[in-house]
Amino acid sequence: MADILVISEQRRGVLSPVVSEAIGAARELAAQKSGKVLVAVVGNDPSAFTPQLSLAGVDEIIEVALNTPEFQSDIYEEAVLALINERKPAVVLLPHSIDSLGYAPALAVKGNFGFTTDVFGVRYEGDDLVAARQAYQEKAHVELDFPGKSTVVLTVRGGSFKAPEEAGSPSVTAFAAPATAGRTTHVAFHDPEASAGEDLTAAEFILSIGRGVADEDNVAQFEELAAALNFSLGCSRPIADNGWLPKYRQVGQSGKTVSACKVYIAMGISGSVQHLAGMKHVPNIIAINKDPEASILSVARYGIVGDMFEIANELRSQLS
Amino acid sequence: MKILVPVKQVEILDEDFEIHDDGRRVDSDYIEHELNEWDDYSWETALQLMEKHEGAVEAIPMTVGPDGADDVLRKCLAKGGERAIRVWDDAMEGSDPIAIARVIAAVAKREDVKLVLAGTQSTDHGYGQTGIATAALLGWPHVAVVSELDYTPGSEKATVRRELEGGVEEEIEVPLPAVLTIQLGINEPRYASLRGIKQAKSKEIEEVSPQDLGIPANEIGEAGSAARVRRMYVPERGKAELIVGTPAEQAKRLIEIVNELKGA
């Protein structure tokens, strides 16, 4: 028997959607080994999330009440470690996220667990657990195993597993986490500068620019082009880091996920894993890049291999 | 006080790369190396602290890798710092980030550093594990994905900002010694001067083995790892339908496509 334990994640009262996806992955794994699916709801008011996570296939919800309103690495680490040691699951699944980057490796070290991150596939081959992840900006995929490890901790990539749609009726129990003093202190959240009403997550048509823009002075012509197309303007990380466009226009893992987008034109964006995380689900991606090997062309529906400035000039003159 | 900056020599693949016959890695004929992008930012963070508090802070870059990895240390030293440390032994082959972290933690102890500034993740594998695993091995507080750092030498704590989703940041106080993993964009990494590049050639790179650091053989390599590569393969990649022609023709077709999609 091999139980699968999913650890929840929330921020400022909002549950991460990847938790339900991890439950989907847990369900398939548990079925392979006739184990149970356990979901630990971790936070200062765990019962608030119990209804949302009572999904089909979940056998037990374990409410873990913590004395911290928001994520704190030491408190999460100690609570989850104690829970794993008590329940001894074969696999522990967490969202691959900013928070798990902040404590999952420490958890793995302290428990001497098998461990890997950013997993998009997982299965048993006989008795061996096999996890799949990317390497070299998606140019290769890697399958990992965990010899000699009776518990394996995996962080799972958002959008890789299907969340169960039906509700279930799991039993609900409580786990008393050990009292831990967090060594770091939360001071404040800082929200990004206001986006003047523009919300990329709601935009249906987006033109995004990346490193290919090369110079701050070149940004304005793409603002004009986006306006001429009646598209919203987005960008990849380096453009926001340079301060050439405000942070709220950044698409990707550390920016916006463009959930409502129908057409995404990527100009001069090579397509790092981090950028793709925010837009590769868009049904119609049109990529313009001078490099025929750019990763963006492998997720795009249409591609132009060429100079983004030449194409932009043509587009502007034909649209005017 | 000392700041240790573990940097990684990442692998860049040639366009026509092939998987090695063992099916577990890329054939080394198709691999080039460079300094991990994140580590450019963590090293710059350390250099800025060293310059701001001249004489009070020493920044030391280190790496885990064979002879060739000296290149990335020289690249760091060309921008500043006086010495670097490279740890290697063939027994390190097959090490995952957890095993690498054992080496970094051992160097941090030996050097009695107050701060470890690691990159959040690497461009080649993107595990995002090494820094925080190092913190756990040292038993130190840690913050991942740091986008701002404010520290005054002599102070018992640093104030940092952690980059959350969608541009939100969390301000956190962290007591020292600590490990921070640094996010892109925390600063603007400088370029090395020609003089700096020349000077770096004569700066000291100390070569150390895991044995020298007292790390048992079963804590490095595959034996000391939390995961093992079973198979590496080239995934089926999607291919965009290419729009060909002159730029004018390409632009015309693109507008047609956009109009069709907007109408749909």
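**View 1. Helix 5 of chain A goes past helix 9 of chain A in a left-handed crossing.** Left-handed here says that the near helix is turned anticlockwise from the far one by less than a right angle. This is a predicted model, with local features needing pLDDT of at least 70, side-chain atom pairs pLDDT 80 or more, and totals for chains, interfaces and linings using all residues. Residues count from 1 along each chain as its sequence is written, chains are lettered from A in written order, and side-chain values use heavy atoms, without hydrogens and water. Helices (H or I, at least four residues) and strands (E, at least two) are DSSP runs, numbered from the N terminus.

**View 2. Helix 5 (residues 219-229) and helix 9 (residues 308-319) of chain A pack at about 40 degrees, axes 10 Å apart.** Axes are lines fitted to C-alpha atoms, for helices over the stretch in contact, and angles run from 0 to 180 degrees between N-to-C directions. That makes the pair oblique, the label left once under 35 degrees (roughly parallel), over 145 (roughly antiparallel) and 65 to 115 (roughly perpendicular) are taken out.

**View 3. Four strands form an open sheet, ordered 8(A)-9(A)-10(A)-12(B), with antiparallel pairing.** Pairing takes at least two DSSP bridges between two strands. Strand 8 (121-125) of chain A and strand 12 (228-233) of chain B are the edges, each with a single partner strand, so one side of each has no neighbour in the sheet. Neighbouring strands are turned by 30 degrees against each other on average, direction ignored.

**View 4. Strand 8 of chain A is joined to strand 9 (residues 128-135) of chain A by five bridges, running antiparallel.** Gly121(A) has Ala132(A) in strand 9 of chain A as its bridge partner.
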